[in-house]
Amino acid sequence: MFQDLRDSNSSKFQVSEFILLGFPGIHSWQHWLSLPLALLYLLALSSNILILIIISKEATLHQPMYHFLGILAVVDMGMATNTMPKILAILWFNAKSISLPECFLQMYMYAIHCFVAMESGIFVCMAIDRYVAICRPLRYPSIITDSFVVKATLFMALRNSLTTIPIPVFAAQRQYCSKNQIEHCLCSNLGVTSLSCDDDKTVKSIYQLLLAWTLMGSDLGLIILSYALILQSVLKLNSAESASKALSTCTSHLILILFFYTVIIVISITHSAAMTVPLIPVLLNVLHNVIPPALNPIVYALKNKKPRQGLYKLLKLDFKEGM
């Protein structure tokens with residue numbers, strides 16, 4: 001699709017590829033960052049694959065809550081794999097060139113678009129799941145069913161695919177005259193569109209910002225509301241131990257969620273302020289690909305008793321009830 005768009009506007013394109021320079025200001029020693037990034041990427045892949053194996057093998061985990069965890073694991077692996085191999089190729093082999101269609105496809109799959117929006121949507125589904133389980137436990141079996149999981153996932157996938165596809169389409173239709181060097185490790189929307197020599201970028205920029213704030217803002221609002229109601233319900237519990245355990249779980253979830261959305265907010269503010277992309281937002285953007293995927297399995301799955309029990313069974317270790 002993006003190749004067709006490029007061909008139909010061939011007279012407008014003066015460059016045949018973009019050059020991803022890497023991390024701004026540290027080009028001479030940025031290759032040293034490849035080791036921690038590669039380790040985080042391997043951790044993200046291995047931990048999410050492990051979660052999928054545990055969920056598939058453990059019959060007690062064939063429940064809606066763990067179906068969402070499995071979907072999150074798939075989305076996490078997709079988000080990391082969409083960008084990390086190219087980033088590591090830049091740092092290890094100096095493979096900085098990327099074709100325009102490949103760049104626009106990467107932009108669609110990542111930059112506040114498909115995978116990121118999908119992860120945001122799954123966070124919403126999981127927050128709703130926990131809200132119903134804690135605040136409406138008697139109605140949980142009738143509300144959160146396998147059918148609900150399928151419908152919610154399909155809705156999020158369609159929502160994200162249809163609403164975000166204009167972003168790379170807009171980018172593909174722009175004119176790129178002579179500049180083709182992007183001060184970034186991936187085809188971020190900000191980095192690519194800053195190279196455009198179009199005079200009028202207002203409408204497209206407004207759409208991109210409205211999309212980001214509408215999708216992510218509404219998701220974050222629903223998540224905060226769900227956890228606020230959960231905390232309100234938990235604080236009414238007579239058992240201090242149960243309240244403490246629930247608060248610990250909610251806190252760890254919220255830390256990861258806030259990190260996830262903070263990066264998006266930083267990128268959006270940088271874009272709206274029309275600033276040159278500095279090192280910190282670029283570094284956050286790259287870490288955003290690997291830190292949530294690496295930590296989500298630990299925070300969302302292995303801190304829960306049943307997945308932990310499944311892990312011990314898989315590793316053929318004894319599971320102690322008090323762990």
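This is a tour of one predicted model, stop by stop, with what to select at each.

**Before starting**

Residues are numbered from 1 along each chain as its sequence is written, and side-chain values use heavy atoms, with hydrogens and water left out. Because the model is predicted, local features need pLDDT of at least 70 and side-chain atom pairs count only at pLDDT 80 or more, while totals for chains, interfaces and linings use all residues.

**Stop 1: the whole chain**

Show the cartoon. The protein has 13 helices and three strands. Helices (H or I, at least four residues) and strands (E, at least two) are DSSP runs, numbered from the N terminus. Of the 323 residues, 50% are buried. Buried means under 20% relative accessible area, exposed over 50%, and partly exposed in between, with a 1.4 Å probe and protein chains only. Among contacts (heavy atoms within 4.5 Å) between residues at least 6 apart in sequence, 81% join residues at least 24 apart.

**Stop 2: the sheet**

Select 17-20, 97-99 and 181-182, which are β1, β2 and β3. They form an open sheet of three strands in the order β2-β1-β3, with mixed pairing. The edge strands are β2 and β3, each of which pairs on one side only. Two strands pair if DSSP finds at least two bridges between them. Between β1 and β2 the sense is antiparallel, over three bridges; Glu17 stands opposite Ser99 in β2. Between β1 and β3 the sense is parallel, over two bridges; here Ile19 stands opposite Gln181 in β3.

Next select Asn94, in the loop between α3 and β2. Its phi is near 60°, a positive value in a residue other than glycine. Most residues other than glycine have a negative phi. Asn94 is exposed, with a relative accessible area of 52%.

**Stop 3: helix α2**

Select residues 34-57, the 24 residues of helix α2. The expected span of a helix is 1.5 Å times one less than its number of residues. For α2 that should be 34 Å, and its end C-alpha atoms are 34 Å apart, which agrees.

Which residues of α2 are buried? Colour Ser34, Leu37, Ala38, Tyr41, Ala44, Ser47, Asn48, Ile51, Ile54 and Ile55 to see them. An α-helix has 3.6 residues a turn, so residues three or four places apart point the same way. What covers the buried residues of α2 includes α3 (64-93), α12 (279-302) and α13 (305-314).

Move on to Glu58, in the loop between α2 and α3. Glu58 is buried, with a relative accessible area of 10%. Leaving aside its neighbours within four places in sequence, Glu58 is in contact with Gly310 and Lys313.

**Stop 4**

A search of the whole structure finds two cavities of 30 Å³ or more. On a 1 Å grid over the protein atoms alone, a cavity is a set of points where a 1.4 Å probe fits but cannot get out; a pocket is an open set with protein on both sides within 12 Å along at least five of seven lines; lining residues have an atom within 4 Å of a point. Grid points are joined across faces, edges and corners, and a volume is the space filled by probe spheres set on the points.

Select Asn48, Ile51, Leu69, Leu72, Ala73, Asn296, Pro297, Tyr300 and Ala301, which line the second largest cavity. Its volume is about 40 Å³. α2, α3 and α12 each supply at least two residues of this lining, and α12 gives the most, with four. By class, the lining has seven nonpolar, two polar and no charged residues. Ala, Val, Leu, Ile, Met, Phe, Trp, Tyr, Cys and Pro count as nonpolar, Asp, Glu, Lys and Arg as charged, and the others, Gly among them, as polar.

**Stop 5: the largest pocket**

Select Met65, Arg130, Lys245, Thr249 and Asn304, which lie nearest the centre of the largest pocket among its 30 lining residues. About 780 Å³ of space lies in this pocket. α3, α5 (114-135), α10 (202-234), α11 (240-272), α12 and α13 each supply at least two residues of the lining. Which helix gives the most to the lining? That is α11, with eight residues. The lining has 17 nonpolar, seven polar and six charged residues.

**Stop 6: Thr262**

Stay on helix α11 and select Thr262. At 42% relative accessibility, Thr262 counts as partly exposed.
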